[in-house]
Amino acid sequence: MKNIHFHKYQGAGNDFIIIDNRKGTFDGNDTTLIEHLCNRRFGIGGDGLMLLEDHPVHDFTMRYFNSDGGEASMCGNGGRCIAAFAVHKGVVSNPDKFSFMAVDGEHLAEYKSGIVNLKMIDVNSVNKENKFTYLNTGSPHHVCFVDDVAKTDVYNEGKNIRYSERYQPDGTNVNFVQFKTGNEIKVRTYERGVEDETLACGTGVVASAISAHLKKPSFSEFDIEVLGGKLKVCFEPNSEGGFKNVWLEGPATFVFEGTIEI
Ligand SMILES: N[C@H](CCC[C@H](N)C(=O)O)C(=O)O
């Protein structure tokens, strides 16, 4: 038996287990353990788990795992939460502005009073189809627009798209977007690797905001309502028809810490 010390954080309701693994004692290859820890009945519970590890140049390295236990692509809300954790634990050199390495590259982060603004990767390829948009914002996202997200069967419709032939073998996350007034949108997301709807998806709202910009090009900053709260995304067009200076801003909140014996 061994004890694992952990912290729980949530970003707009997308919740994560964070483990300080700078001593390298946690085995990131133990898929079964990670799935167990994320289980909301038999473990701690979470949409995902993150390991904070050392990095030779940046303030730290972020490793992200979905609740199915598999190491995954970038998690925007997870990035915001591990940034807040790093500030709270004094891991970063300058709490106002610092950087970390993740699976999709370097991320700048700014922290102020519980709000984290996270720089995301540039988006250089947007596949605009008739009824949906497909793009990668650190994770792959299918984005479609609906009249009313509250009346959308996110689980079943999202699951069907996630497992559809088009996205084999890796699958995709699926976002349903509703325009409100001006630059306001509502987003609900079915998340790959969680295999359910989450209360927010950071890379998903970035993908949704870029897709909304393609329909409303006068806006390059969007206020986004998700089930778990509110997020903000801004970006600039780049010279290749894609997008740069992509930022995801919102709350990242400590919930509790503990030790679990496994
Ligand atoms: N489930 C996603 C990764 C986490 C994305 C989400 N939690 C976010 O905030 O970006 C995937 O496997 O592509």
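The model is a predicted one, in which local features need pLDDT of at least 70 and side-chain atom pairs count only at pLDDT 80 or more, while totals for chains, interfaces and linings use all residues. Residues are numbered from 1 along each chain as its sequence is written, and side-chain values use heavy atoms, with hydrogens and water left out.

His213 belongs to helix H4. Helices (H or I, at least four residues) and strands (E, at least two) are DSSP runs, numbered from the N terminus. His213 is buried, since its relative accessible area is 9%; the term buried stands for under 20% relative accessible area, exposed for over 50%, and partly exposed for values in between, with a 1.4 Å probe and protein chains only.

I turn now to the overall arrangement. The domain assignment gives domain 1 (3-119 + 252-261) and domain 2 (127-245), such bounds coming from an automatic or database domain assignment. Their C-alpha centres lie 23 Å apart. Across the boundary, 16 residues of domain 1 are in contact with 18 residues of domain 2. The area buried between domain 1 and domain 2 is about 1100 Å², and carbon and sulfur atoms give 45% of that area. Buried area is the accessible area (1.4 Å probe) that two parts lose on being put together, summed over both. Which three residues supply more than any other three of the area that domain 1 buries against domain 2? They are Ala12, Asn66 and Ser73, with 33%.

Next, the interior. A nonpolar core is a set of buried Ala, Val, Leu, Ile, Met, Phe, Trp, Tyr and Cys residues joined through side-chain atoms within 4.5 Å. The largest such core has 52 residues, and Phe60, Met62, Phe100 and Ile224 have the most contacts inside it. Helix H2 gives the most to this core, namely seven residues. Each of domain 1 (3-119 + 252-261) and domain 2 (127-245) contributes at least three residues to this core. A second, separate core consists of 14 residues, among them Ile4, Phe6, Leu51 and Ile260. Met62, already named for its contacts in the largest core, touches residues including Met50, Leu51, Cys75, Ile82 and Phe100, leaving out those up to four places away in sequence.

Cys75 brings me to the annotated positions. In an unreviewed entry, UniProt places the feature "active site" at Cys75 and Cys201. Although spread over 127 residues of sequence, the two cluster in space, with a largest C-alpha distance of 7.8 Å. Both Cys75 and Cys201 are in the lining of the largest cavity. On a 1 Å grid over the protein atoms alone, a cavity is a set of points where a 1.4 Å probe fits but cannot get out, and lining residues have an atom within 4 Å of a point. UniProt positions are in the numbering used here, with shortened feature names, and annotations may be inferred rather than shown by experiment.

Cys75 lies in the loop between strand S4 (60-66) and H2. Cys75 is buried because its relative accessible area is 7%. Beyond its neighbours within four places in sequence, Cys75 is in contact with Phe16, Met62, Tyr64 and Thr203. Cys201 lies in the loop between strand S13 (196-198) and helix H4 (202-215), and a relative accessible area of 4% makes it buried. With neighbours within four places set aside, Cys201 is in contact with Asn14, Asn77, His141, Thr189 and Glu191.

The "binding site" positions that UniProt lists, also from an unreviewed entry, are Asn14, Asn66, Gly76, Asn77, Asn173, Glu191, Arg192, Gly202 and Thr203. From this set, the lining of the largest cavity takes in Asn66, Gly76, Asn77, Asn173, Glu191, Arg192, Gly202 and Thr203. Gly202, in helix H4, is buried at a relative accessible area of 2%. Residues up to four places away aside, Gly202 touches Asn14, Gly76, Asn77 and Leu248. Asn173 is in strand S11 (residues 173-179) and is buried at 4%.

Is Ser93 buried or exposed? Ser93 is exposed, because its relative accessible area is 64%. Its C-alpha atom is separated by 7.0 Å from that of Asp59, 34 residues apart along the chain.

Technical notes:
Contact = heavy atoms within 4.5 Å. 1 Å grid on protein atoms, 1.4 Å probe; cavity = no way out; pocket = protein on both sides within 12 Å on 5 of 7 lines; lining within 4 Å.
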